Amino acid sequence: LMKNKKEQKLSIELLDKKLRAYNVLHEKEIPDTGWIHAIRTTLGMSLRQMGKRLSITPQSMKETEQRETEGSITLRNLREAGKALGLQLVYGFIPQKGSLEKMIEEKAQAVAKEIVSRASHSMMLEGQENSKERIDEAIKERAEEIKNEMPGHLWE
């Protein structure tokens with residue numbers, strides 16, 4: 001089990017490293033017309049010419065571009081359109097919190113705060129109130145334990 005936790009920690013580190021490469025794309029915006037249309041028109045390629053490369057009609061090509069702007073295009077269609085344009089589709093996820101590690105830390109902190117707050121409330125009702133510093137320290141310690149253990153219920 002200990003080895004499993006080490007493997008999990010290593011997996012998080014390795015995946016975070018891969019995801020970091022995508023962070024530069026965080027502030028990049030997709031063209032309003034979609035990538036396919038923007039690149040096709042920039043290259044001076046007509047719908048007929050692009051459709052021919054994909055063995056589809058100009059109308060089907062226009063619908064493909066429309067599906068991209070609506071967000072309903074498939075990855076396969078994007079990949080094929082990219083290939084027809086001489087491009088490679090690259091996709092990935094960018095953690096909203098900056099990294100998987102940061103996501104785990106924040107979630108562990110929230111869970112720890114909930115656990116310690118419940119315990120602190122019970123103690124207060126019994127007249128055994130703790131100081132804010134002690135509560136903060138308990139939350140910090142519990143969050144670290146949770147982060148290291150990575151229990152399955154963390155994401156519930």
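This is a predicted model: local features need pLDDT of at least 70, side-chain atom pairs count only at pLDDT 80 or more; totals for chains, interfaces and linings use all residues.
Buried here means under 20% relative accessible area, exposed over 50%, and partly exposed in between, with a 1.4 Å probe and protein chains only.

Residues are numbered from 1 along each chain as its sequence is written, and side-chain values use heavy atoms, leaving out hydrogens and water.

The protein has 7 helices and 0 strands, counted as DSSP runs (H or I, at least four residues, for helices; E, at least two, for strands) numbered from the N terminus.

Now for the cores, meaning sets of buried Ala, Val, Leu, Ile, Met, Phe, Trp, Tyr and Cys residues joined through side-chain atoms within 4.5 Å.

| Nonpolar core | Number of residues | Members include |
|---|---|---|
| Largest | 12 residues | Ile12, Ile104, Val111, Ala143, Leu154 |
| Second, separate | 8 residues | Met61, Ile73, Ala84, Leu85 |

In the largest core, which has 12 residues, helix 6 (100-125) and helix 7 (132-149) each supply at least two residues. Helix 6 gives the most, with 5 residues. Leaving aside residues up to four places away in sequence, Ala143 touches Ala108, Gln109 and Ala112; contact means heavy atoms within 4.5 Å.

Arg40 sits in helix 2 (residues 35-42) and is buried, at 6% relative accessible area. Not counting residues up to four places away in sequence, Arg40 touches Met45, Ser46, Leu47, Met50, Glu65 and Leu85.
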